[in-house]
Amino acid sequence: MPGFRDLLPLEAEILREAQESLLGEMRRWGYRHVITPLVENMDVLDLGLGVEQRRRLFKFTDGRGDVVALVGERTIPVARLVAGKLRTAALPLRLCYAGPVLSTDEGRFQQRRETYQVGAELVGASGPVADAEVIALAARCMEATGIRRYQIDVGHAEFFHGIMDAVKLPDDVKAAVRAALAARDFVALEALLEDTPLKSAEHELLLRFPALRGGPEILDAAGGLVRNRRSEAALSELAQVCDLLVAHGIREVVNLDLGAIRDFDYYTGVIFEGYGPDFGRPVAQGGRYDALLARFGRPAPATGFMVQLDLVSEMLTRAARPPALPRLDAALAWNGAGLNTALRLGSTLRLFGMRAVVDTQSRGEVEARAWWRAVGATNLVHCLGETKVAWSAKGQRTRRLPPEQVAARLAGGVK
Amino acid sequence: MTSGEKVSIAIPTGVLHGGALSLLARSRLARLNADEIGRQLLVERGGLRVILVRPSDVPAYVDHGAADLGIVGKDILWETPGSHYELIDLRFGGCKLVLAVPDGSSLDGPETWPPMIRVATKYPRTATAWFEAHGQSVEVVQLHGSVELAPQVGLVDGIVDLTATGRTLRDNRLRIAAVLGSSTARLIANQASLKTRTAAVQSVVAKMREASASAG
């Protein structure tokens, strides 16, 4: 089926390890794990999704005639949870999740229609302290997966809203300007703004949108150009977030991007994106969405982000030094009377946290070595009887020892 | 994937090829002759890596980050919207997307269209959107070549196709009934390249902006 695929052991293990690293980091910051269903009622999703996103959902009717859909993102289910079953839980709430999301759109990353997202939401806290926490968490999450060289671009939705308020344009032209920006079409944007007689500093800012990036100095530069309260407030909030990110210890990986183009109907404040090295699209995306919870009947400020797990694992797979995955520690072969010894030795090794596989059939020495190579374990232990095993490790000669001594040496070799 | 500080740009084969090479030369970015890039498909010159691809493949190279920048006709972008930034109108390769009907046809402006107009095109997405925006029901027959033939054999009422000089239309006894849009070459950029390698990419963009403005 196009857009859906199997993950074979290597890929699946990299993805799983990355997911564990992300959830582990989130838990270290006090985020509790929740699991929401893959299917949600359309009435629920309608509260949070735009027209385009709704169109891309896999929808069907269940046996009772309700229209349901496979989730396309997982923030809305978390919002439903916070306003529903968790409504008596005190705010702020820190929650995290991991799971697949689906889309009918084949134009996504490598035509995949099923992808994996891991995310964190901080609900019930407004202001720069909460914004900075979530940005710092996103940065530490990227680090935790083992991605080397990453950066976080931080912007503010209100900076854009302020500019759009301030530009003097007829409503239909404003709508066209928004559409051109959403499509990242600066040729169309330029044409729209050129035809208007009233030129303001905000016009200039719109045209320079993709270049409004840099360090904290651009806040001053932009501050000199905007003449509206909303944008000014956004800039001062960004300055506070920047200061906090210094204390979080992640200032070097943060850039300011005042021209970030995102879903401005959804985001209400500080927004950010995480980029890895040499990868054509953001790996992490997030920001403040203070309007969503109210639609579920529990008005509350909220911010959060999600990491595209597929992109992380793709990035790790292609890295110059791919992640070292835990490999099989011991292949336990046996010959005739050695089966019980092999089974006992396997239990012992696993007790010490090692990975051990026991053969399913009796083998002689040559066949046992061939099987060892095939399973790719670090050690071969060939069990020949109750008290006698032959232990081979790569690059060492075979030693005949009692099984308990082999177990002790193998276990001693791991931390 | 791109790497290091070398900026990569995808340029198209076909009608925009000469204009793209000339722009690279005028921007003082790379002097390449058509034979050289035609043979090698990938040439590195100075800080620039130039990749030669089919016109309709340019957005894919840029969207997936295999190229930081791309030169591509607006007509291609109409059909394949993506996550790239469209930065500059490069002002060459001008052509129009038109509705053309047989010389003897009674069809002309919207008031003469039947309740359901049937058109053949290589631009199904653009054609459908345009007719819908004009409140017109349309049946689009997607063809991959020789679109001009379709109305002559009664397959469709008209065609939606690109024309630069109008010559092919005249040769096939077709006339223009409406203009859907104008296309020129555009410079597009990968979204992440603009963010992660800002200085190197913006410097190339600035040179091309200057060269294309002075030519226009």
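Colleague: Is Ser146(B) buried or exposed?

Modeller: Ser146(B) is exposed, because 9 other C-beta atoms lie within 10 Å. A residue counts as buried if 20 or more other C-beta atoms lie within 10 Å of its own, as exposed if 12 or fewer do, and as partly exposed in between, with C-beta atoms placed from the backbone. Please bear in mind that this is a predicted model, in which local features need pLDDT of at least 70 and side-chain atom pairs count only at pLDDT 80 or more, while totals for chains, interfaces and linings use all residues. Residues are numbered from 1 along each chain as its sequence is written, and chains are lettered from A and ligands numbered from 1 in the order in which they are written.

Colleague: Where is Ser146(B) in the chain?

Modeller: Ser146(B) belongs to the loop between β8 (137-142) and α6 (149-152) of chain B. Its phi is positive, about 45 degrees, although Ser146(B) is not a glycine. Helices here are DSSP runs of H or I with at least four residues, strands are runs of E with at least two, and both are numbered from the N terminus.

Colleague: What about Leu41(B), what is its phi?

Modeller: The phi of Leu41(B) is near 65 degrees, a positive value in a residue other than glycine. Leu41(B) sits in the loop between α2 (34-40) and β2 of chain B. Leu41(B) counts as exposed because it has 11 C-beta neighbours inside 10 Å.

Colleague: Which strands form the open sheet in chain B, and in what order?

Modeller: The open sheet has six strands in the order β2-β3-β1-β4-β11-β5 (chain B), and the pairing is mixed. Two strands pair if DSSP finds at least two bridges between them.

Colleague: Why is one side of β2 and of β5 left without a neighbour in the sheet?

Modeller: β2 (42-45) and β5 (85-89) of chain B stand at the edges with a single partner strand each, so one side of each has no neighbour in the sheet. Neighbouring strands of this sheet are turned by 25 degrees against each other on average, direction ignored.

Colleague: How many bridges join β5(B) to β11?

Modeller: Four bridges join β5(B) to β11 (residues 185-189) of chain B, and the two strands run antiparallel. Within this pair, Glu86(B) has Ile188(B) in β11(B) as its bridge partner.

Colleague: What lies across β5 and β11 of chain B?

Modeller: α8(A) lies across them, running at about 55 degrees to β5(B). Axes are lines fitted to C-alpha atoms, for helices over the stretch in contact, and angles run from 0 to 180 degrees between N-to-C directions. Helix α1 (residues 17-26) of chain B also packs on the sheet, where it touches β1 (7-12), β4 (69-73) and β11 of chain B. The direction of α1 makes about 150 degrees with that of β1(B).

Colleague: How many residues does each chain give to the contact?

Modeller: Chain A gives 17 residues and chain B gives 23 residues. Two residues are in contact if their C-beta atoms, placed from the backbone, lie within 7 Å. On the side of chain A that touches chain B, β7 (151-156) and α8 (186-194) of chain A are the elements that give two or more residues.

Colleague: Turning to chain A, how is it divided into domains?

Modeller: Chain A has domain 1 (9-318) and domain 2 (330-410), with bounds from an automatic or database domain assignment. Taken over C-alpha atoms, the centres of these two domains of chain A are separated by 51 Å.

Colleague: Which residues of α13(A) are buried?

Modeller: They are Leu309(A), Asp310(A), Leu311(A), Val312(A), Ser313(A), Met315(A) and Leu316(A). Helix α13 (residues 309-318) of chain A is thus mostly covered, with seven of its ten residues buried. The covering elements include α1 (9-28), β6 (114-123) and β12 (302-308) of chain A.

Colleague: And Asp359(A), why does it count as buried?

Modeller: Asp359(A) counts as buried because it has 21 C-beta neighbours inside 10 Å. Asp359(A) is in the loop between β14 (356-358) and α15 (365-375) of chain A. Not counting residues up to four places away in sequence, Asp359(A) touches Leu332(A), Ala333(A), Trp334(A) and Trp371(A). Asp359(A) and Leu332(A) are 27 residues apart in sequence, yet 6.1 Å apart in space, C-alpha to C-alpha.
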